[in-house]
Amino acid sequence: MALLKMKFSQQRRVRLAQGLWLLSWLAVMCGALIFCLGVYLKIELLRRDEVMENTEIHVVPNLLMMVGLASIGANWVASRVCQDSLDASRFPRWRILLLGWYAVAVLLCCLLLAVVVLSYALQGRLEESLKVGLRNGIRFYKDTDVPGRCFQKETIDRLQMEFRCCGNNNFKDWFEVQWVSNRYLDFTSQEVKDRIRSNVDGRYLLDGVPFSCCNPASPRPCLQNQLTDSRAHYNYEYQSEELNLYSRGCRQALTDYYMGLMNSTGPGVLSVILIQMAVVMRYLQTAVEGAMALESPEGESEGYILEKDVKATYADVKAKALDLLKFAQVDPASEAAGAEEGEKADKATEKVATTAA
Amino acid sequence: MAVGKITFTKTEREKLAEVLWLLNWISVVTGAILFGLGLFLKIEIQKWQEVMSEQGILYVPHMLITTGLAACGINYVGSKICLDCADTNKFLRWKLVMMPYIVCTFFFTACVLAGALMCYSIRSQLEEALYLGLRNTMRFYKDTDTPGRCYLKKTLDLLQIQFQCCGNTDYRDWFQIQWISSRYLDMTNSAVVDRVRSNVEGKYLMDSVPFSCCSTLSSRPCIQHNLSNPGAHAHYDEQSQQLNLWRRGCQQALLDHYTGTMQSIGLTVLLIWLFELLVLTGVRYLQTAMENVIRLGDPDSESEGWILENSLAETACYNFSIIKTLGKCYQVDDDPNINVPTAAADQEAPSAQVQVNVTS
């Protein structure tokens with residue numbers, strides 16, 4: 001009692017092969033797209049390498065690239081199988097490979113699902129990595145004369161302007177860091193001396209932000225200094241001012257950006273196509289094999305997913321697996337029979353010996 | 001004495017027709033490319049149209065778009081014609097259309113050349129438009145509460161950030177306009193009132209620039225205020241001053257950007273023009289060769305093809321005389337039967353009065 005049996009005439013087999021061939025080329029395109037998505041994601045992650053502390057998140061684009069390449073190869077093989085399926089002389093050589101192909105298709109589907117799951121699961125790690133990276137970037141903003149850190153200022157400025165964000169969580173992160181280097185401070189000024197003395201660590205902290213936090217959409221020219229003091233600027237209310245600076249933090253902005261890239265529907269679409277292809281391929285394989293077994297190859301044949309129903313197939317597979325495991329063991333029944341025969345043979349030789357003697 | 005005479009055998013004519021069919025299809029593709037280039041240029045100009053004073057320069061992309069569409073149409077028709085031209089019978093169908101088609105293609109090719117030359121000659125007009133446009137935008141920078149001008153601040157800030165430029169020609173252009181709106185100025189403050197009074201027109205001018213002029217390449221936090229007085233800032237030396245703000249003016253930056261774009265587009269259009277000229281020449285040879293074959297009567301014989309039947313001077317004279325006679329069609333012509341006073345008219349006998357005797 002086969003599972004989901006369908007009858008296929010020659011015409012339908014031809015249509016099935018053609019449809020599957022088209023589907024396999026569609027899957028090749030999707031595979032190429034997935035590969036390109038992986039490459040693009042990797043490049044985008046590498047561009048912002050300086051504000052990320054670790055590279056754990058790179059496993060997602062690496063997987064996407066691998067799966068893309070593998071699916072291009074597997075689906076190209078599938079299209080070759082379809083081309084050869086209607087030719088009785090060429091199909092048999094693909095029969096052996098088909099079992100492997102099913103395994104590869106299932107593996108690719110699992111990997112794609114893993115990519116989708118990973119991209120959600122690694123969001124926390126990405127945020128952690130960005131948090132530490134941005135914190136360091138903001139801390140070293142002023143160190144434009146220290147080798148190894150001299151481009152932090154430019155990196156952070158460009159990042160804030162491009163992603164329209166300010167600071168790590170929000171603009172107040174800049175109040176806790178000295179972002180003006182000592183070499184640009186006038187130590188003869190009373191105001192500077194007071195500010196430094198009022199701080200425990202001797203740092204020059206101000207309630208101001210760099211120019212890259214300024215929002216061009218604000219109706220008034222940007223206010224960067226004395227932000228917490230509503231009286232320092234005319235017609236300015238610290239609590240209610242929203243448009244002056246970017247309100248979003250850079251960690252949130254970057255996380256949203258990368259999540260948006262990773263959660264695109266590509267992997268989902270490709271896995272759906274692969275599953276459909278596996279099912280149709282199985283039908284095609286069984287229908288063609290049935291046709292080849294018939295006396296008239298142009299006649300009707302049956303196609304199915306499994307030869308027997310699920311329980312029977314499972315029992316079959318289990319028996320086969322146990323057989324494979326058993327072949328190394330010694331069989332006790334046959335040993336007993338062998339021992340008896342050995343004894344009989346000894347007795348026979350004894351008899352012969354005694355008669356001879 | 002024909003111009004560019006070449007003899008074609010039957011196979012050569014057929015081959016020419018096939019090659020021209022292919023070239024016409026390629027020309028359809030290049031026509032689509034031309035259309036795409038025009039569209040791209042139009043979008044690029046419209047991105048920053050708020051900082052340009054008049055939209056006169058939009059005629060360049062419009063010209064490219066129309067010639068691109070015309071190219072697709074004309075070359076599609078041409079491919080159909082060339083496919084039929086290999087066979088003398090089918091050619092007769094197109095015989096009357098060929099000459100107008102070639103004249104149309106000639107004018108259209110001239111338009112493509114005009115489009116290419118326009119791309120190169122637009123620079124001075126663009127310079128003027130950008131100067132006036134930027135000056136106005138800077139003047140209206142503070143008017144974020146006036147309808148129609150409320151987005152100019154954002155546009156100008158984004159322009160200065162993206163193109164890494166400041167002001168019209170220089171950052172000092174910002175010193176000459178009031179870019180802080182009066183509604184953010186504390187008129188009770190004596191410093192503010194002094195500054196406003198010291199200016200002839202009552203404008204609040206400062207030696208400061210907006211934040212979008214700040215350079216990301218500077219190694220120190222941006223200095224936006226008191227720019228004419230370097231001593232007011234600690235350790236503000238010559239090198240810091242060079243790196244602090246963007247040095248380039250936005251007029252120069254935008255001019256370079258658009259000139260670069262239009263030069264590459266102009267080069268591509270010139271190449272397309274050369275290709276079209278090649279196709280036009282081929283079609284003309286095919287037309288004349290086929291007409292000569294028909295004139296000779298034998299479809300398998302050799303025939304000659306040329307660009308012009310007589311030399312250039314004779315063709316020009318011939319065409320001029322055609323145009324002259326076209327103009328004369330409503331004037332008196334040489335028909336001998338009209339309005340010539342004949343000698344016989346004078347001798348015409350007057351009609352004799354016939355006396356009828358009424359006999360009663």
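Predicted model: local features only at pLDDT ≥ 70, side-chain atom pairs only at ≥ 80, totals over all residues.

Start in chain A, with helix α5 (residues 152-163) and helix α7 (residues 250-262). These two pack at an angle of about 65 degrees, and their axes sit 10 Å apart. Their crossing is left-handed. Which residues do the meeting? From α5(A) come A:L159, A:Q160 and A:F163, and on the α7(A) side they find A:C250, A:A253, A:L254 and A:Y257. Sort that contact by class and you get six nonpolar residues, one polar and no charged.

Now hop over to chain B. Helix α1 (residues 10-47) and helix α2 (residues 59-85) pack at about 165 degrees, with 7 Å between their axes. Anything over 145 degrees counts as roughly antiparallel, so that is how α1(B) and α2(B) lie relative to each other. Here too the crossing is left-handed. The α1(B)–α2(B) contact divides into 22 nonpolar residues, 10 polar and one charged.

Next, find helix α8 of chain B, which covers residues 250-296. With its 47 residues, α8(B) reaches 68 Å from its first C-alpha to its last, close to the 69 Å expected at 1.5 Å a residue.

What does α8(B) pack against? One partner is helix α3 (residues 88-121) of chain B, at an angle of about 160 degrees and with the axes 9 Å apart. That angle makes α3(B) and α8(B) roughly antiparallel as well, and they cross in a left-handed way. By class, 25 residues of this contact are nonpolar, six are polar and four are charged.

Finally, let's bring the two chains together. How many residues does each chain give to the contact? Chain A puts in 25 residues and chain B puts in 26. Between them, about 2300 Å² is buried, and carbon and sulfur atoms give 66% of that area. On the chain A side, A:Y184, A:F211 and A:P216 lose the most area to chain B, together 28% of what that side buries.

Key:
Residues numbered from 1 in each chain as written. Chains lettered and ligands numbered in written order. Heavy atoms only, no water. Helix = DSSP H or I, 4+ residues; strand = E, 2+ residues; numbered from the N terminus. Expected span 1.5 Å × (residues − 1). Axes fitted to C-alpha atoms, helices over the stretch in contact; angles between N-to-C directions. Parallel < 35°, antiparallel > 145°, perpendicular 65-115°, else oblique. Left-handed = near helix turned anticlockwise from the far one by under 90°. Nonpolar A, V, L, I, M, F, W, Y, C, P; charged D, E, K, R; others polar. Contact = heavy atoms within 4.5 Å. Buried area = accessible area lost by both parts, 1.4 Å probe.
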